Protein chains: 2
Amino acid sequence: MTLQLGADEALLLLTALRRDLPAAALSTGARAAPYATDRSGSHPDGVPLAVVHAANADHVRTTLRHAHALRVPVVPRGAGTGLSGGANAGVGTVVLDLSRMNRILDLDPHDQIAVVEPGVITAELDRAAGEFGLRYAPDPASAAISTVGGNIATNAGGLRCAKYGVTRDAVLGLDAVLADGTPIRTGRRTVKGVTGYDLTALLTGSEGTLGVITTATVRLRPVPEATATVAAYFDTFAEGAEAMAELTAARLEPSMAELLDGPVLGAVDEAQGTGLRSRGGALLLLQCDGRSAAAEAEAELAVRLLRDRATSVETTSDPVEAERLLAARRLALPSLERLGRVLIEDIAVPRSQLAAAVREITAIAERHDVRIFTFAHAADGNLHPILVLDPASPDISNAAWQAAGDIFTAALRLGGTLTGEHGVGTLKRRWLADELGPEQHALQQRIKTAFDPHHILNPGKAL
Amino acid sequence: MTLQLGADEALLLLTALRRDLPAAALSTGARAAPYATDRSGSHPDGVPLAVVHAANADHVRTTLRHAHALRVPVVPRGAGTGLSGGANAGVGTVVLDLSRMNRILDLDPHDQIAVVEPGVITAELDRAAGEFGLRYAPDPASAAISTVGGNIATNAGGLRCAKYGVTRDAVLGLDAVLADGTPIRTGRRTVKGVTGYDLTALLTGSEGTLGVITTATVRLRPVPEATATVAAYFDTFAEGAEAMAELTAARLEPSMAELLDGPVLGAVDEAQGTGLRSRGGALLLLQCDGRSAAAEAEAELAVRLLRDRATSVETTSDPVEAERLLAARRLALPSLERLGRVLIEDIAVPRSQLAAAVREITAIAERHDVRIFTFAHAADGNLHPILVLDPASPDISNAAWQAAGDIFTAALRLGGTLTGEHGVGTLKRRWLADELGPEQHALQQRIKTAFDPHHILNPGKAL
């Protein structure tokens, strides 16, 4: 459902934007080209008509008002670090670049909230909160390069969300601009509130298809007093997954639980010269946090439970040593990117189905003769099977699409979802209706229309 | 915006329901009368046309299909414990009573989720989870008598939501029936997932105006190893509020923080023969939980911080002693109900504004010569100012409405909200647009229409 854009509308829109926006806020031609893609590895059909570098909410309103009147599609964009094609912008679209709206407007340590523009880098908000002993809990792996607005658009997860929740759980209120340029303010500065429908939650994860966020009020939380780190190696990924299930059954609530399979360890070794693969076929990295005594007690319990199944277990409460243990996780994706073109999947399954999901993925890789490397946010049941494809081939092969499709089907069969935290974007749209069912899919389209009657906002994404 | 119902439609609907539902599922006349009101103290204009006691989702679908075709308003109802008139059902309405759909369909300790019908009593779900060392975290004060479905409809809060979140944070997925009888399934059994718009969150807190919940998949969490309880008395409520702000600034995260004012303590004394009021003008009840060492460390820190401001502080980790300390909070509302007819307000303000809110409430009580008693979920900034009115008067006096209006205005001025956890219902509708603003209000109406084109679901409530 791509809007058909005539040359007249394009010309009229450019004329209006040139008239109503500062010259520095508009890029066209070759200067617009870098804004055509995100980090999904997929490519749209060309270069966008123009990029608006919004400096404030008025620029957003002006852009949308004109685009709405002329029925020109608009693609909102943060830092372009998305992994599902949600910010891809093809021919005839206007990119609304929000990365220059990057001020922290308020950071209130008494109310433990921050009010930020959408282009603030997530890690920078976390750092600013840290000056008051607070933190912004959502921590997608991209936190150092992605924006708070982009994280809200995809309802990003991260490493510590098993204990501290996903982005939605941290967002209290939003200023957003609807497709026709109308500003709304949802939610509030309070931690509780139930007046009206929860449009804050509805906008969160809507991938830029319902409105454009211009300010977000987010909740901050105290930095835990202590964090203890545990690293355990296993013979197989399935054994690691079963060990994780045992920790959950023992009612442990780790703040982080990352599980890497043998091929990922091998890829890290190859890229970094480490010797992880020789220590086991899977690595489970756990963190427990809280008051010092609690973090240590939880880590000790974890070690006791893991000892029988693991080939080795080590633990530390020293931050430098912890960073060394965590390096394997941080280096996993960059190491895989050296091996070929990566297609990053993002299924989530009920926590007890983690081992079953891994068995399915292994069988799918063999069936389609595709290389799949897997790491997981194990306490959430959120797996990232990463297909590594031939870098020489410009298109994603049929075998890769079939493998991806089989992974999604397996996730749904296990009671799970297509996407735990990356979003649907363009890459997962063909399987969307399978998960939602036709009735809910139709309802979601009606909700879309209530926000954006001409469907100008990020058409062809998410829904 | 009440639907005008003709006698023909009423007769046609009753005929259809009698034909398509078992006789035991339908009450009319005097047997329908007890289903006209909730616990808000407000009354609709008469008795509903009929009550459908749904035993399963098919009964819900059948009822809605006919009501939709005939444009008859339907009022979904759990246990009728709501405090804002959300389940009030007047002349010409059909009540859809879900209290008989009260089975726990699944309780999976490995995935730490439960799948329940909407009529399950909240405390019973919590008790069932307790057999596996788990709990259902949302704990509204009504947990022993209210239902999970009703809690979801209002996005109920409770005592421990400062640390563990509100109902929305515990709901992973829903089966719901739309106004025309179409069933949808939202969300999933996984703790994370971002496919499509978050209709689970949108239905949560929608007060029965968007759909009727027939199954809920909810998250369970481990019961903390230990809980420590602290009780501190202060000369004034404002001093208690300031002490709470100091605890928050020290980055303490209590699992419960209830603050009662002097008049409430006096009412409890009068009803129960206790001597609380003689000990101070305000009582702060705190609980800290987690691993044993952590709960104790947090409680010790709280005592250290409170000691300078409080007139007395006591602490315990003994459950029986804790129950004694908590009795004052549990008995507060029943004690007030002995003094007159209560109108329970539910504002929330940014946490730092708690003391300011109390000052406003005191001034409002004096200005309108209305008796107002206040207790608060202090860590959330959620206050319950309770207007105690002359029990002899059938209507709420103008002075009481004016006082309520001034309380809402003060909450909004302080950056807060009309309702932290009870919902808008009928009682707060006249102030709703002030909080939402006209643009968001119009958008919410369009969303309502996307779910319920003829506006048959709980008309005149929430929006």
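Chain B superposes on chain A by a rotation of 180° with 0.0 Å of shift along its axis, at an RMSD of 0.0 Å. That is the relation of a two-fold axis. Contact here means heavy atoms within 4.5 Å.

The model is predicted: local features need pLDDT of at least 70 and side-chain atom pairs count only at pLDDT 80 or more, while totals for chains, interfaces and linings use all residues. Residues are numbered from 1 along each chain as its sequence is written, chains are lettered from A and ligands numbered from 1 in the order in which they are written, and side-chain values use heavy atoms, with hydrogens and water left out.

**Chain A overall**

Chain A has 15 helices and 18 strands, taken as DSSP runs numbered from the N terminus (helices H or I, at least four residues; strands E, at least two). With 463 residues, a compact globule would have a radius of gyration near 23 Å, and the 22 Å of chain A agrees. That radius is taken over C-alpha atoms, and the globule rule is 2.2 Å times the number of residues to the power 0.38. The C-alpha trace of chain A spans about 70 × 55 × 45 Å along its principal axes.

Of the 463 residues of chain A, 63% count as buried (under 20% relative accessible area; exposed is over 50%, partly exposed in between; 1.4 Å probe, protein chains only). Chain A exposes about 16300 Å², and carbon and sulfur atoms supply 50% of it; the areas come from the Shrake-Rupley method with a 1.4 Å probe. Among contacts in chain A between residues at least 6 apart in sequence, 72% join residues at least 24 apart.

**The four-stranded sheet**

An open sheet of 4 strands in chain A has the order β1-β2-β4-β3, with mixed pairing. Its edge strands are β1 (26–28) and β3 (74–77) of chain A, each pairing on one side only. The twist averages 20° from one strand to the next. Helix α1 (residues 7–20) of chain A packs on the sheet, touching β1, β2 (50–53) and β4 of chain A, and its direction makes about 145° with that of β1(A). Helix α2 (residues 57–70) of chain A also packs on the sheet, touching β2, β3 and β4 of chain A; its direction makes about 165° with that of β4(A). Axes are lines fitted to C-alpha atoms, for helices over the stretch in contact, and angles run from 0 to 180 degrees between N-to-C directions.

**Strand pairs**

Two strands pair if DSSP finds at least two bridges between them.

| Strands | Sense | Bridges |
|---|---|---|
| β3(A) and β4(A) | parallel | 4 bridges |
| β13(A) and β14(A) | antiparallel | 6 bridges |
| β13(A) and β17(A) | antiparallel | 3 bridges |
| β12(B) and β14(B) | antiparallel | 9 bridges |

In β4(A), Leu96(A) is the bridge partner of Pro76(A). Met256(A) has Gln287(A) as its bridge partner in β14(A), and Glu258(A) stands opposite His377(A) in β17(A). In chain B, Ala231(B) stands opposite Leu285(B) in β14(B).

**Covered strands**

Strand β13 (residues 256–261) of chain A is mostly covered, with 6 of its 6 residues buried. Met256(A), Glu258(A) and Leu260(A) point one way from β13(A), and Ala257(A), Leu259(A) and Asp261(A) the other way. Strand β14 (residues 282–290) of chain B is also mostly covered: 9 of its 9 residues are buried.

Definitions and conventions
Least-squares fit on C-alpha atoms with pLDDT ≥ 70 in both.
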